[in-house]
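Please read this briefing with the sequence and the 3D view side by side.

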Amino acid sequence: MLRKFLLLQVGLLFALLVANAQTTPYQPSRTEIMARYHKARHLDSIATRSIFKSTIRPHWSADGASFWYRNILKDSVKEYISVDMIHGTRKKLDAEPTDTATRFTRFKPYTGRRWASFSTDSLSPDKQFVAYIQDGNVFIRPANGTRQNATPYTANGDTAKPYGHLAWSPDSKYVVGYHVHPIRDSAVYYVLSSVAGTTRGQLRQRPYKQPGDPFTTYEMFLFRIEGHKTQKVNTPILDFFGAPELHWRHGDNRYFTFERVERGHQRFRIIEVDAATAETRTVYDEKTNTFIYESRLFTDYLPATNEMLITSEKDGWQHLYLFDATTGAQKQEITRGHYVVHTIDSVDAKKREIWFSACGMNPDEDPYYIHYYRIGFDGQHLVNLTPEKANHILTFSPDRKFYLDARSEINVPTIIELHRTADGKMILPLETADASQYLAAGLHFPEPFHAKGRDGVTDIWGIIVRPADFDPSKKYPVVENIYAGPQDAFVPKDFTGRYAEMQSIAQLGFIVVQIDGMGTANRSKAFHDVCWKNLADAGFPDRILWIKALAAKYSYVDTARVGLYGTSAGGQNSLGGLLFHSEFYKAAVSSCGCHDNRIDKQWWNEQWMGYPVGKHYDEQSNVTNAWRLRGSLLLMVGEADNNVPPESTYRVADALIKAGKAFEFLPLPGFDHTDGGPYGRIQRRDFFVRHLLGVEPPHRNGPEANL
């Protein structure tokens, strides 16, 4: 019934529209825009407190048989619900239970540890020896002895280039360690201009690794207890990331493996070391012409069976594989198809099962919707724990015998149910989000929309947010909320998702959109690869086509007046819209942008732009291309930005000044990495009203200051 009601609402809203309806550009009078600001402020307060029962935070009982939760209703009224999971019943309680301990087990990504941690003094597993570092060198002594009884294993270490990171073999016959050449990262600086009680700016600095900067290196050695033997392992020096975690072969501690990610993110290997000879061989070797997404590279080692689980995009999609850890032979492609294994929740080695989330497996729905599954190592017995069309969030009971499934869409209120884990059976419906007050205020849910991308084949997905008093006979300017960072996808999929600021801007007389173009994650490898050495692309060809397709469907969308705004990578993208696509975008607000990928953090930029730092970094820099600016621009930056160094924005400002360009600049004293905060968001709204609607916004230094 709820879905039918929502569809009816949308149908009534657009019943007046026809394919070639005559519309006039929307340009409110100043009196009307003042009324819009008044109404927007009123609706903002309603929107944040008018949806109820959309989440459950369970308080689990110690015996695993029940839980209770709290709903906050209209006027902050609280109700308490108790659920008996065994019998599938729920009841209201008269008061909050006295047992308030919370155990909250959200389905969350599992990642195998890739980089190890070590102690200074390391006791052998058989507790007979202690390995330690003294004056930069390796010593091993009997556990019941003193340092006077220690045997030196190295002599060429010192405090500047010490040995370290010692790790024992399980049989206590070997110690693995590294000759370390430390690198101290260069500092970035900023000045706090307005610290209370001071009369001078306060200089701050911190280490910050930028693209191309060197890493600490690790040269691997083996120290054999018998014979007091030291051997350098026959493998190149590790010059990217830290000392690796070691995986010793079950039943034969002569061999261990470690993982090596090559700088540039184009090669990943698992290398086996023969501790008896210090020789190595490659067990697993994956190469790519673009990039391996290291943060989503999952490995798990199964010592009892000498197997390993690895994710790979080698067939064009992120999938799970089972390998023989001794021979490196692929034993099974566990998942396959045109979908993405998104996260790994857990691995049950005894049952030989994997619990994971994926998107795109279910046909005829938004390919970004997350569903949850269980599958055997043999690729058989796939269980879909969340089959309903929606985006899902799971919360497991502590013993994992039950789970709460919260499913929703951006325009369909959340439904929360209790399920049994063994077979996914629904035990009890718990809550359906109540949005009646939200709708009664005249607000509308965002609308999902998809259109073909630059290849004419691939669907590009996004959402549309309209004003509460939307008039389809008017032609509204478009404002795009942009973030094209390749590390994820960003269009919200959940009900009451992250679109409050979009709604606030829409209230002033805009159609506000958000889009995931090519180059972002959670689709095919080819979709993602568009970003490779190509961050300036930002999916703009897809975004522009999407907005034009929206205008072809809805005549009230004005493609002659399009603006965009974003923060961080979105700040880079929003300015990029004016530099590289000024024929389409006319106004932009850019906050704390990483405008030059040579200035921003190493790990993020080398992952997508590659290594070494080549001329493509310069060619795609907003600083280099500042002379291209067309349209209206507002730059914002926090002076204390600890994410993207503030000079990234200041160098853009410098280049714009040297090119004789007009722009607005808002430095924010004391602010860290920010979209501008409350003050900056007001300035952003006023900027779009002035430059896209062509109306003067409220005078902030007079009686209209509170709008």
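In this predicted model, the buried residues of helix α6 pack against strands β33 (447–452), β34 (459–465), β35, β36 (511–516) and β37 (557–567), and against helix α7 (569–580). The points below start with α6 and then turn to other parts.

**Helix α6**
- Helix α6 covers residues 540–553, and its end C-alpha atoms are 20 Å apart, which agrees with the 20 Å that 14 residues should span at 1.5 Å a residue.
- Its buried residues are Phe540, Asp542, Arg543, Ile544, Trp546, Ile547, Leu550 and Ala551.

**Helix α2**
- Helix α2 (residues 30–47) has 18 residues and reaches 25 Å, close to the expected 26 Å.
- Among the buried residues of α2 are Ile33, Met34, Arg36 and Tyr37.
- The buried residues of α2 pack against β35 (474–481), α4 (500–506) and α11 (677–693).

**Nonpolar cores**
- The largest nonpolar core has 86 residues, and Trp546, Ile547 and Tyr585 are among those with the most contacts inside it.
- Apart from this core lies another of 19 residues, including Leu238 and Ala275.
- Beyond its sequence neighbours within four places, Tyr585 is in contact with residues including Phe540, Arg543, Ile544 and Ile547.

**Glu431**
- Glu431 lies in strand β32 (residues 426–432).
- Glu431 has a relative accessible area of 6%, so it counts as buried, the cut-off being under 20%.
- The Glu431 side chain makes polar contacts with the side chains of Asn71 (2.8 Å) and Arg90 (2.9 Å).
- Leaving aside neighbours within four places in sequence, Glu431 is also in contact with residues including Lys53, Tyr69 and Ile415.

Technical notes:
Residues numbered from 1 in each chain as written. Predicted model: local features only at pLDDT ≥ 70, side-chain atom pairs only at ≥ 80, totals over all residues. Heavy atoms only, no water. Helix = DSSP H or I, 4+ residues; strand = E, 2+ residues; numbered from the N terminus. Expected span 1.5 Å × (residues − 1). Buried < 20%, exposed > 50% of the residue type's maximum accessible area, 1.4 Å probe, protein only. Contact = heavy atoms within 4.5 Å. Core = buried A, V, L, I, M, F, W, Y, C linked by side-chain atoms within 4.5 Å. Polar contact = N/O pair within 3.5 Å; in protein donor to acceptor, adjacent residues only side chain to side chain.
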